[in-house]
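Look at the structure below and follow the report section by section. It starts with strands and moves on to charged side chains.

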Amino acid sequence: MGSNPIVYTGCLDALTRRFRSRMGRGEALLWSELKGRRLRGYRFERKRRVDRYVVDFYCKELHLAVDVIGSDAAWQGRCDDEERTIRLGLCGVTFLPFCEEEILHNLEGVLVKIRQSIRYLPWR
């Protein structure tokens, strides 16, 4: 017996709202650079549901998801999560994960990587 997609979607929406109330330091720092169309004039949303996942930041116009990974252990686990990356790719979404430490210690480098990714997106 399969799960009810309506219930699943409702739970994911509730979880997304709950996540919006909490932000780590790296996530808050990156959000300060993405909000208000500060990055090349593109609108990013925070804690957005894409397919069956919740991503930290999402630009609908670019089909670009950016995620902040908290610890080195979590980073390794998320990098190995090929299903998430593949599934988002099949939905036409480019997925960029960043370690929180990288954001805290090299924010400009992270922004350069995001800008470079935007430059090479096919629907830009």
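## The sheet

In this predicted model, β3 and β4 run parallel and are joined by 6 bridges. Strands of a sheet pair through backbone hydrogen bonds, either parallel or antiparallel.

The sheet is open and consists of 4 strands in the order β1-β2-β3-β4, with mixed pairing. The edges are taken by β1 and β4 (94-99), and each has a single partner strand, so one side of each is left without a neighbour in the sheet. From one strand to the next, the twist averages 45°.

## Helices on the sheet

Helix α2 packs on the sheet and touches β1, β2 and β3. The direction of α2 makes about 35° with that of β2. Helix α6 also packs on the sheet, where α6 touches β3 and β4. Its direction makes about 170° with that of β4.

How many salt bridges does a search of the whole structure find? The search finds 9. Side chains of opposite charge can pair when their charged atoms come close.

One of the salt bridges joins the side chains of lysine 47 and glutamate 27, at 3.1 Å from N to O. Lysine 47 belongs to strand β1 and glutamate 27 to helix α2, so this pair ties together parts that are 20 residues apart in sequence. Lysine 47 counts as buried because its relative accessibility is 7%, and glutamate 27 counts as buried because its value is 8%.

Arginine 84 and aspartate 67 form another salt bridge, with their closest N and O atoms 2.5 Å apart. Arginine 84 is in helix α4 (residues 82-90) and aspartate 67 is in strand β3 (residues 64-69), so the pair ties together parts 17 residues apart in sequence. Both are buried: arginine 84 has a relative accessibility of 6%, and aspartate 67 has a relative accessible area of 1%.

Lysine 113 forms a salt bridge with glutamate 102, and here the closest N and O atoms are 2.7 Å apart. This pair links distant parts of the chain, with lysine 113 in helix α6 (residues 107-119) and glutamate 102 in helix α5, 11 residues apart. Lysine 113 is partly exposed, with a relative accessible area of 40%.

Aspartate 56 sits in strand β2 (residues 53-59). Is aspartate 56 buried or exposed? Its relative accessible area is 6%, so aspartate 56 is buried.

The side chain of aspartate 56 makes a polar contact of 2.5 Å with the side chain of lysine 47. The side chain of aspartate 56 also reaches the backbone nitrogen of valine 68, at 2.6 Å. Not counting residues up to four places away in sequence, aspartate 56 touches Glu27, Glu45, Arg46, Lys47, Val66, Asp67 and Val68.

## A buried glutamate without a salt bridge

Glutamate 100 is part of helix α5 (residues 100-105). Glutamate 100 is buried yet has no salt bridge. The nearest side chain of opposite charge is that of arginine 25, 5.8 Å away.

What does the side chain of glutamate 100 reach at 2.7 Å? It reaches the backbone nitrogen of glycine 26. A polar atom of the glutamate 100 side chain also lies 3.2 Å from the backbone nitrogen of arginine 25. Leaving aside neighbours within four places in sequence, the contacts of glutamate 100 include Gly24, Glu27, Val68, Ile69 and Gly70.

## Phenylalanine 44

Phenylalanine 44 is in the loop between α2 (25-34) and β1 (45-50). With a relative accessibility of 4%, phenylalanine 44 counts as buried. Phenylalanine 44 and cysteine 59 are 15 residues apart in sequence, and their C-alpha atoms are 4.5 Å apart in space.

Apart from neighbours within four places in sequence, phenylalanine 44 is in contact with Trp31, Leu34, Leu39, Phe57, Tyr58, Cys59, Leu64 and Val66.

Conventions:
Residues numbered from 1 in each chain as written. Predicted model: local features only at pLDDT ≥ 70, side-chain atom pairs only at ≥ 80, totals over all residues. Heavy atoms only, no water. Helix = DSSP H or I, 4+ residues; strand = E, 2+ residues; numbered from the N terminus. Buried < 20%, exposed > 50% of the residue type's maximum accessible area, 1.4 Å probe, protein only. Lys, Arg positive; Asp, Glu negative; His and termini not counted. Salt bridge = Lys/Arg side-chain N within 4 Å of Asp/Glu carboxyl O. Polar contact = N/O pair within 3.5 Å; in protein donor to acceptor, adjacent residues only side chain to side chain. Contact = heavy atoms within 4.5 Å. Pairing = 2+ DSSP bridges. Axes fitted to C-alpha atoms, helices over the stretch in contact; angles between N-to-C directions.
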